[in-house]
Amino acid sequence: MRRRDFLASLAAAGLSSLAGCRAPAAPGLPPGGWSGPSFDLGHLLREPGKLPPPSETLKIPVAIVGGGIGGLSAAWKLAKSGFRDFQLFELETAPGGNSRAGRNALSEYPLAAHYLPLPPPEARAVRELLAELGVLEGDPSALRPRYDERYLCATPQERLYRNGWWQDGLLPQHGVSQAEQAQYRRFYALMETFKQRRDGGRRAFALPMAGSSQARDLQALDRVTMRDWLLAQGLDSPHLHWYVDYACRDDYGTGSAEVSAWAGIHYFACRSGEARDVVGDTVLTSPGGNAWLAEGLVRSIRARAGDCLMPGALAFRVVEAGNTMQIDLWRPAEQRVVRVLAEQLIWAAPLFMVPYVFAADARLAGAARSFTAAPWLIANLTLSRFPEDRGGAPMAWDNVLYDSPGLGYVVSTHQRLRQRPGATVFTYYRALSDLPPAAGRAMLQEMPYEYWAEQVLADLERVHPDIRRVTTQVDLSRNGHAMVRPLPGLIWGKERRLFAADRPRLRFAHADVSGLSIFEEAQFRGVLAAERTLWRLGKPFASSLG
């Protein structure tokens with residue numbers, strides 16, 4: 001996007017005052033730079049005609065495009081089933097997608113996703129993987145299994161900064177009126193009713209979402225926003241609305257005024273996993289966030305199927321040609337195009353790519369345009385020591401700032417149970433939910449590193465007045481299409497169902513297919529696509545999905 005168009009988009013969004021934000025960074029800005037996905041490489045999809053013709057043709061039984069959790073899970077299931085005749089192609093230099101980590105001399109740190117809730121019994125594939133990785137100990141089907149304590153989030157798990165004071169938990173408590181407290185109780189009672197509801201044996205809101213009830217009154221929730229649904233229940237507490245909006249921004253990169261009520265309620269009603277000797281809302285995490293899950297999948301795949309992962313390969317054209325799927329891949333490191341002819345294709349890359357890559361299929365391209373993605377900025381701050389802290393609750397793993405443009409930060413060294421003195425890494429998250437997605441992406445691309453680093457430090461400075469003095473480096477990562485936005489009509493709409501359906505030679509395996517960009521959905525879609533592929537090929541397998 002040209003700068004003139006970018007500024008016009010900001011003006012249209014009522015945010016033209018941001019147009020002059022290219023002021024120099026404040027003195028003393030710590031060193032750092034950009035990391036993460038490459039905008040330039042991904043934008044080659046817009047001009048595939050500039051790429052040369054194929055210099056090589058490969059023929060394989062199964063191709064997987066996309067090395068995020070969906071693609072890795074598909075490869076994992078194929079390999080576990082004894083099928084090795086596949087190749088996985090990934091755009092970035094390493095697989096993992098939103099479950100990758102950065103590293104420095106001090107610690108690993110998340111580049112995106114940073115936790116996994118305790119999986120409920122119906123999330124069978126998740127539990128199967130955790131058992132294989134040795135994190136779930138004993139019977140994966142147990143109602144309350146035991147987990148390796150190194151991955152259970154150490155206490156305190158979360159806290160909220162508001163009105164100059166930290167409190168335990170994220171729902172505002174101090175100074176909240178009795179009337180608002182009553183609304184809190186009503187809200188949680190409603191969520192508990194949804195948790196307990198069963199329709200013909202199906203949970204109202206299941207995880208994975210494909211197991212959810214399809215009752216009409218529940219599907220109707222997908223036609224209104226979460227904010228409007230709360231108001232319709234007589235829930236108008238400003239603090240409750242802040243909390244629900246935060247939850248929607250955290251999981252979906254989009255505020256409650258835009259998120260479907262079905263998706264908003266799913267966030268609160270689907271998570272029912274338990275563990276022995278642990279409270280129910282404990283999560284699994286590591287210093288590198290969810291990278292341990294992606295890395296575990298990669299180890300398992302390579303142990304069973306050898307060298308089947310090809311990074312640095314951009315799929316820019318897919319055509320169904322007779323009995324094969326033709327995939328053209330750009331290899332930037334080699335400056336050439338490779339053509340792959342596959343009997344079966346598992347597309348595990350984001351759906352926003354489909355209109356460019358599947359341009360010959362007007363139906364798929366049109367359906368994909370109904371999906372929108374949220375842009376995110378993530379900052380990893382390396383600190384020489386823990387910063388000064390305002391009063392109240394002690395430092396937690398997840399630290400959220402009330403009325404902040406960001407979502408707060410997690411502490412990478414929290415799992416080490418270290419004492420406060422010593423260096424650490426803070427991972428700060430910001431979903432650009434206050435802008436239309438296209439304007440947010442343009443802003444990420446246009447505004448320099450110094451602008452964003454200053455934004456992050458200024459936000460944290462409200463809480464930690466010496467944050468600039470103790471920060472030795474700021475590494476920024478931007479993702480213009482970080483996660484699908486579950487707007488009203490998406491979850492139960494015909495477009496999403498189109499991508500969820502099986503085709504003779506093609507199936508889609510990204511979390512976008514669920515409309516919910518979370519690990520459990522990405523893994524489910526990958527495993528489901530692999531099992532459907534094995535069935536199409538006439539190969540035996542034991543289902544991981546029940």
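**Aromatic rings in close-up**

In this predicted model, a search of the whole structure finds 22 aromatic pairs. A pair of aromatic rings is described by the distance of the centres and the angle of the planes.

**View 1. The aromatic pair of F187 and F268 is edge-to-face.** The ring centres of F187 and F268 are 5.1 Å apart, and the planes stand at 90° to each other. This pair links distant parts of the chain, 81 residues apart: F187 belongs to helix α5 (residues 178-196), and F268 belongs to helix α9 (residues 261-269). Both F187 and F268 are buried.

**View 2. The aromatic pair of F358 and F508 is tilted.** The centres of the two rings lie 5.8 Å apart and the planes of F358 and F508 are at 50°, so the pair counts as tilted. F358 is buried, as is F508.

**View 3. Five residues form one aromatic cluster.** The members of the cluster are F187, Y188, Y243, Y267 and F268.

**View 4. R478 lies over the face of W34.** The distance from R478 to the ring centre of W34 is 4.1 Å.

**View 5. The charged end of R496 sits over the ring of W492.** In this view, the charged end of R496 is 5.9 Å from the centre of the W492 ring.

Notes: Residues are numbered from 1 along each chain as its sequence is written. This is a predicted model: local features need pLDDT of at least 70, side-chain atom pairs count only at pLDDT 80 or more; totals for chains, interfaces and linings use all residues. Side-chain values use heavy atoms; hydrogens and water are left out. Rings of Phe, Tyr and Trp (its six-membered ring) pair if their centres lie within 6.5 Å; planes under 30 degrees apart count as stacked, over 60 as edge-to-face and the rest as tilted. Helices (H or I, at least four residues) and strands (E, at least two) are DSSP runs, numbered from the N terminus. Buried means under 20% relative accessible area, exposed over 50%, partly exposed in between (1.4 Å probe, protein chains only). A charge sits over a ring if NZ of Lys or CZ of Arg is within 6 Å of the ring centre and within 35 degrees of the ring normal.
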